[in-house]
Amino acid sequence: MILLASGLFAQEESSKNYRFSIEEAIEFGIENNYQSQIAEKDVQIALKQKWEIIAQGLPQIDGAVDYQNLLKQPVTLLPAAAFDNTQSTIDIVQDYFDNVERNDTPVDAPEGFIPVRFGTKQSVNATATWRQLIFDGSYIVGIQSVKTLLQISKNAKTKTDLEIKKSVISAYGNVLLAEESVDILEKNVATVQKNYNDTQKIYENGLAEQEDVEQLEITLLRLKNNLSRSERMREIAYELLNLSLGIPVEDQVTLTDDLNGLAMKYYEPAILERTIPIEENIDYRIAKNSAESAQIQVRLQKAKALPTLSGFVNYGYQGFADKFTFLNSDQEYYGQSILGVSLNIPIFSSGMRSSRTQQRELEYEQALLDLEQTENDVKRQINMAKSEYEFSIESYQNAVRNLELAERIENKNQIKFFEGIASSFELTEAQRQLYTAQQEYLQSMLDVITAKAELENLLDTRSYNDEN
């Protein structure tokens with residue numbers, strides 16, 4: 001029991017509680033949603049890639065240290081005729097090459113060729129090389145593409161934030177809808193339960209028919225079933241909201257707005273008159289980035305036909321010894337330096353470069369067609385979003401009136417039923433009509449919210465710089 005209690009306490013401690021208005025939820029979601037964080041990382045990656053491209057044309061310095069120990073030195077053969085054949089020379093050669101073997105046979109005197117070892121057994125070589133790109137057409141194009149590369153990731157982040165804003169609004173509204181649905185169904189269940197109990201007593205007194213009781217029982221069971229389903233949907237709605245906010249599903253979220261108040265915030269018919277230049281729409285900007293990127297690929301392929309020129313300077317020191325004495329103060333080192341230039345000229349590729357350039361040109365033409373299509377599609381989406389928003393406002397106004405009428409009719413039929421004027425069928429029909437009107441009213445408010453969120457996204461001209 002103690003372990004169970006401690007486990008439950010730890011679980012409660014690990015979960016957090018949040019309170020959000022719709023504006024706070026949007027701000028929190030844009031900052032903490034997983035996709036938003038990934039998109040922000042993409043911007044940071046693009047910034048690093050920008051410097052990577054620039055750095056390719058800046059000086060590059062490399063250093064290297066090599067140590068060699070010839071466990072068995074190689075032997076080189078020299079013609080014996082190159083040496084003086086006097087006895088003193090022979091003695092020196094015999095002394096120096098003592099124990100030298102040739103084909104597993106000891107070498108005692110020069111005969112035709114003399115085996116010689118050059119150098120020392122051990123050596124150290126330390127060098128530093130400065131490389132500099134002098135001219136490369138691809139590098140020039142790469143520098144020109146840096147701005148487009150960065151803008152692509154920034155626009156992608158802006159698009160992600162707009163989608164997150166829309167998803168948070170939708171999830172927020174669905175939670176409020178689920179809460180209102182549960183509240184209304186609980187009230188309906190309580191009302192029908194009272195009617196059922198009262199009718200049951202009237203029936204027991206012989207003043208009502210059994211069919212009236214059964215009809216109310218059917219309605220009550222249907223309402224209880226709908227209530228149970230709405231409670232489960234409410235839990236799912238909260239989990240979806242948590243995901244859109246970027247917080248664990250077990251964390252508790254309290255919403256400070258109600259559905260009716262939120263619908264009034266998003267009830268703004270004046271937005272139907274708002275227009276923006278199509279070029280400022282985020283989808284158009286992304287399509288334009290794609291076209292610019294395709295154009296850069298064309299220039300890059302053409303630049304590959306240009307010569308490349310690079311240079312380098314190498315400087316280093318070498319040390320030699322038969323034993324490891326390279327750390328001794330009296331060890332001698334010898335300097336060396338090389339200056340070089342490399343020129344690479346593309347001459348003939350059997351049409352390969354031309355074919356690649358033509359492919360990139362065709363892809364650029366495709367991107368321009370896609371840009372034109374996007375322009376028309378954005379116009380269509382804005383017109384459709386305005387139409388949907390206008391329709392949602394009209395539906396909301398009609399739903400308000402329908403609910404008023406349905407409540408009045410249901411109330412009259414309930415009075416008539418207990419006065420014995422109306423039948424149970426008429427009361428049930430009036431109740432069913434009321435419940436439908438209630439759900440249509442709730443849904444119409446959510447439709448106003450989501451329709452305006454969709455329209456606002458299409459008319460939003462924000463950029464990454466404006467957000468940060």
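Q: How many salt bridges does a search of the whole structure find?
A: Side chains of opposite charge can pair when their charged atoms come close. In this predicted model, the search finds 21 salt bridges.

Q: Which residue forms a salt bridge with Glu 23?
A: That partner is Lys 265, with the closest N and O atoms 3.7 Å apart. The pair links distant parts of the chain, since Glu 23 belongs to helix H2 and Lys 265 to helix H7, 242 residues apart. Glu 23 is partly exposed at 46% relative accessible area, and Lys 265 is partly exposed at 39%.

Q: Which residues are linked with Lys 159 in a network of salt bridges?
A: The network joins Lys 159, Glu 163, Lys 166, Asp 283 and Glu 454. Lys 159 meets Glu 163 at 3.4 Å, N to O; these two are four residues apart in helix H5, so about one helical turn separates them. Lys 159 also meets Asp 283, at 2.8 Å. Asp 283 lies in helix H8 and Lys 159 in helix H5, so this pair ties together parts 124 residues apart in sequence.

Q: Why is the pair of Phe 20 and Phe 28 tilted?
A: Planes under 30 degrees apart count as stacked and over 60 as edge-to-face, with the rest tilted. The ring planes of Phe 20 and Phe 28 are at 50 degrees, so the pair is tilted; their centres are 5.0 Å apart. Together with Tyr 18, these two form one aromatic cluster.

Q: Is Phe 20 buried or exposed?
A: Phe 20 is buried, with a relative accessible area of 6%.

Key: Residues numbered from 1 in each chain as written. Predicted model: local features only at pLDDT ≥ 70, side-chain atom pairs only at ≥ 80, totals over all residues. Heavy atoms only, no water. Phe/Tyr/Trp six-rings, centres within 6.5 Å; stacked < 30°, edge-to-face > 60°. Buried < 20%, exposed > 50% of the residue type's maximum accessible area, 1.4 Å probe, protein only. Salt bridge = Lys/Arg side-chain N within 4 Å of Asp/Glu carboxyl O.
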